[in-house]
Amino acid sequence: MNPIETFKRQPLLFGSTIAVTDTDVDALAHRYAASMALREFDRASCDEPFLYRASTVQIGDLTVSTGFHTPIRLCTQESSIATVMLIQSGVVRIQADGRAIQLDQPQDLLYLPGCAFEEETEHVRGVLFSLDADRLARTAAGMTGFRVSTSKLRKRLANPHRLQAHTGVERDVLQTLQHTFPLLDAPGLQLEGTLPLLAIDDLIYRTIALALCGDVIRSGPAGQGPRGSAKAVIIDELVDWIRANLDRPISLSDLEQRSAYSERTLRNAFQNRFGCGPSEWIREQRLAAARERLLNPRPGDSVSTIAQALGYRHLSQFSRECNRAFGVRPSDLLRQSRQGMGQG
């Protein structure tokens, strides 16, 4: 049986029901060019018919594709999108950043940070991840409990990285990555918009971060987990940071960058712990701190200075929220407190 017939008979790791098959290399190159910074894409051998079969799942900024193809040759330009290749079978030869890299063993993994590269393959089966390199660095930093800065990990992830993990912890990490693939095999959930709610992209980002930066992550306090799971440590530190920064506006984007979690993961974590979303919890913390400050004012305090000290940029909003929460205007509460303290 020739290689093409063999490929056709083998199931995909996920998404077999939504797989796309191409026998026209020019049409495939045109499709690839819509999502990749291609300079060249063509078959590497004209001795046999061209065949490409793959399925693709999109979750937020993460794209995961699995499939197989006959020999191809391609060149890319520099891009803002990082690429992770995980080989099941076949051979991939890469020229990137002045290095020649060959993947030829099952579970060989290659990380390309968005640099230009040239690729030539034989008959290959595998998985391709297209992801946000900045998010990957933030994820790795969050997994260290921010003991290691995002910028330092971003520099570490600025170069191609090959991982041949056939024994030890690295092998177990890559096996964990493979265990996520059946979770993607739910096209109905994807079409209904439910798949992103499972936060599988967070799991994949964190597993890839552990594969590439495991030595740093495992040596940090989050890896040791003195206060519980890695997620609990990160949320604990995020809560401490919020309480220390109530004097400034705090957005969901700030929380995403600090924690390396997506918005929906943060919402779920806060809902499970506090019974509300992060924005509502921050508002409650501001109001609790405002009430304490109004009841125990410092010399020179006014409603305006207290509002500013607690991150409110509009006095009317502060007054409105205090009145709704406490049933009294902040100016009245401050005046009553001063009268009780004999300050007039």
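Visitor: Which residues does Arg135 touch, not counting those up to four places away in sequence?

Guide: Arg135 touches Asp61, Asp201, Asp202, Tyr205 and Ser262, where contact means heavy atoms within 4.5 Å. This is a predicted model, in which local features need pLDDT of at least 70, side-chain atom pairs count only at pLDDT 80 or more, and totals for chains, interfaces and linings use all residues. Residues are numbered from 1 along each chain as its sequence is written, and side-chain values use heavy atoms, with hydrogens and water left out.

Visitor: What joins the side chains of Arg135 and Asp202?

Guide: The side chains of Arg135 and Asp202 make a polar contact of 2.6 Å. The term applies because a polar contact is a pair of N or O atoms within 3.5 Å (within protein, one must be able to donate a hydrogen and the other to accept it, and residues adjacent in sequence count only if both atoms are side-chain atoms).

Visitor: Why does Arg135 count as buried?

Guide: Arg135 counts as buried because its relative accessibility is 8%. Buried means under 20% relative accessible area, exposed over 50%, and partly exposed in between (1.4 Å probe, protein chains only).

Visitor: Why does Ala269 count as buried?

Guide: Ala269 counts as buried because its relative accessibility is 15%. Ala269 is in helix 11, residues 263–274. Its C-alpha atom is separated by 8.8 Å from that of Ala232, which is 37 residues apart along the chain.

Visitor: How do you know that strand 2 and strand 5 pair?

Guide: There are 5 bridges between strand 2 (residues 38–43) and strand 5, in the antiparallel sense. Two strands pair if DSSP finds at least two bridges between them, so the term applies. Strand 5 is also joined to strand 10 (residues 117–121), by 3 antiparallel bridges. Arg73 of strand 5 stands opposite Asp42, and has Glu120 as its bridge partner in strand 10. Strand 5 spans residues 72–76 and is mostly covered, with 4 of its 5 residues buried.

Visitor: What is the order of the open sheet of 7 strands?

Guide: The order is 1-3-4-11-6-9-12, with antiparallel pairing. Strand 1 (20–22) and strand 12 (161–164) are at the edges, each with a single partner strand, so one side of each has no neighbour in the sheet. Strand 12 pairs with strand 9 (residues 108–112) over 4 antiparallel bridges, where Leu109 has Leu163 as its bridge partner.

Visitor: Which residues lie nearest the centre of the largest pocket?

Guide: Tyr32, Met36, Tyr52, Ser65 and Leu128 lie nearest the centre, out of 41 lining residues. Helix 2 and strand 3 are among the elements that each supply at least two residues of this lining. On a 1 Å grid over the protein atoms alone, a pocket is an open set of points where a 1.4 Å probe fits, with protein on both sides within 12 Å along at least five of seven lines; lining residues have an atom within 4 Å of a point.
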